[in-house]
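Here's a protein model to walk through together. Have the viewer open and follow along.

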Amino acid sequence: MDLGAGRRGVDMGPSAIRIAGINQALALLGYEVSDAGNVHVHPAEAIERTSPRAHFLPQIAEAAEELAVMVEAALDEGALPVILGGDHSIAIGSVAGVASYYRKRQQKIGIIWLDAHTDVNTPETSPSGNIHGMPLAALLGYGARELTHVAGFAPKVLPENAAVIGARSIDPGEREFIKNIGIRVFSMSELDERGLPDVVAEAAEIASMNTAGFHVTMDMDFIDPFYAPGVGTPERGGATYRESHLAMEKIADSGRVLSVELTEVNPVFDVSNQTALLAVELILSALGKKII
């Protein structure tokens with residue numbers, strides 16, 4: 001899906017990741033792999049925009065509902081869901097599915113959000129109306145009801161169990177939201193000062209506090225565009241190749257990962273599919289692959 005993004009092309013991201021060998025790589029890591037296919041999403045050319053404050057809201061909400069069902073079904077089967085994107089608005093559906101599964105077992109979930117952006121805009125604060133800048137707010141229960149109540153309940157995650165890592169481009173409305181709601185945001189400056197392992201350890205602790213575990217979702221723009229040029233909204237000053245791997249390795253070491261998601265791979269802007277190849281590597285690291 002690329003309906004939530006300002007630039008076209010991330011709808012091809014899942015295909016690029018598959019072409020980069022995700023299924024074969026997971027099998028080599030020892031996993032039994034079942035590819036559930038794609039959520040059905042109409043291309044933007046086939047849809048009329050209705051709301052200037054939240055572009056393609058009905059279609060994105062519909063796709064999120066379908067994805068939530070697929071993710072919950074995977075958990076019901078005892079599987080570990082790996083979700084490929086696509087713009088980051090897909091997290092509304094994937095986290096809804098995970099949260100719904102554990103809610104039925106009287107358990108909460110946390111979230112670790114690796115991203116150059118905090119994605120806590122709402123239709124009222126968004127400068128663009130692009131929903132890929134709103135998913136974390138929706139999961140916390142803020143924004144359009146069509147997004148906040150996917151799977152029939154809100155919120156999916158409590159603010160005290162949400163951690164954002166790698167932020168370096170935050171809109172004014174998002175700053176106010178963060179101050180008012182109190183979610184923990186680790187900026188790139190804090191990563192530079194403290195070191196990534198320390199930051200990831202604290203984020204995992206936040207997302208694990210009184211929860212069954214956490215969903216980890218990475219927007220590829222968390223990484224510096226030198227290493228990952230094929231993204232929807234590149235921002236200079238991101239994580240290096242090794243830092244991004246270390247983040248996923250440390251997250252895996254926590255033993256608290258419930259589901260893994262990787263978004264915003266845009267083959268239109270990529271070079272020789274290197275961003276999708278890196279996406280495959282990072283998913284493997286999140287699922288426990290080690291150098292030795």
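Predicted model: local features only at pLDDT ≥ 70, side-chain atom pairs only at ≥ 80, totals over all residues.

Residues are numbered from 1 along each chain as its sequence is written, and side-chain values use heavy atoms, with hydrogens and water left out.

Begin with the sheet. It is open, built from 6 strands in the order β1-β6-β5-β2-β3-β4, with parallel pairing. Helices (H or I, at least four residues) and strands (E, at least two) are DSSP runs, numbered from the N terminus, and two strands pair if DSSP finds at least two bridges between them. At the edges sit β1 (82-84) and β4 (184-187), each pairing on one side only. Ignoring direction, neighbouring strands here are turned by 15° against each other on average. Angles, here and below, run from 0 to 180 degrees between N-to-C directions, and axes are lines fitted to C-alpha atoms, for helices over the stretch in contact.

Now zoom in on β5 (residues 214-219) and β6 (residues 257-263), which run parallel and are joined by 6 bridges. In this pair, His215 stands opposite Ser259 in β6. Two helices pack on the sheet around here. Helix α4 (residues 91-103) touches β1, β2 (110-114), β5 and β6, and its direction makes about 170° with that of β6. Helix α11 (residues 274-286) touches β1, β5 and β6, also making about 170° with the direction of β6. Contact means heavy atoms within 4.5 Å.

Helix α11 has a helical partner too. Its axis and that of α10 (residues 241-253) come within 7 Å and cross at roughly 30°. The two helices are therefore roughly parallel to each other (angles under 35 degrees count as roughly parallel, over 145 as roughly antiparallel, 65 to 115 as roughly perpendicular and the rest as oblique). On the α10 side the contact is made by Tyr241, Ser244, His245, Met248, Glu249 and Ala252, and on the α11 side by Leu278, Glu281, Leu282, Ser285 and Ala286. Those residues divide into 6 nonpolar, 3 polar and 2 charged; Ala, Val, Leu, Ile, Met, Phe, Trp, Tyr, Cys and Pro count as nonpolar, Asp, Glu, Lys and Arg as charged, and the others, Gly among them, as polar.

Next, the pockets. On a 1 Å grid over the protein atoms alone, a pocket is an open set of points where a 1.4 Å probe fits, with protein on both sides within 12 Å along at least five of seven lines, and lining residues have an atom within 4 Å of a point. The largest pocket holds about 1100 Å³ of space, a volume being the space filled by probe spheres set on the points. It is lined by 40 residues, with Asp35, Ala36, Gly37, Val82 and Ile83 the closest to its centre. Helix α3 gives the most to this lining, 7 residues, and the lining divides into 26 nonpolar, 8 polar and 6 charged.

Finally, the backbone. A cis peptide bond joins Gly85 and Gly86, with omega about 20°, and Gly86 is in the loop between β1 and α4. Another cis peptide bond joins Ala154 and Pro155, with omega about -5°.
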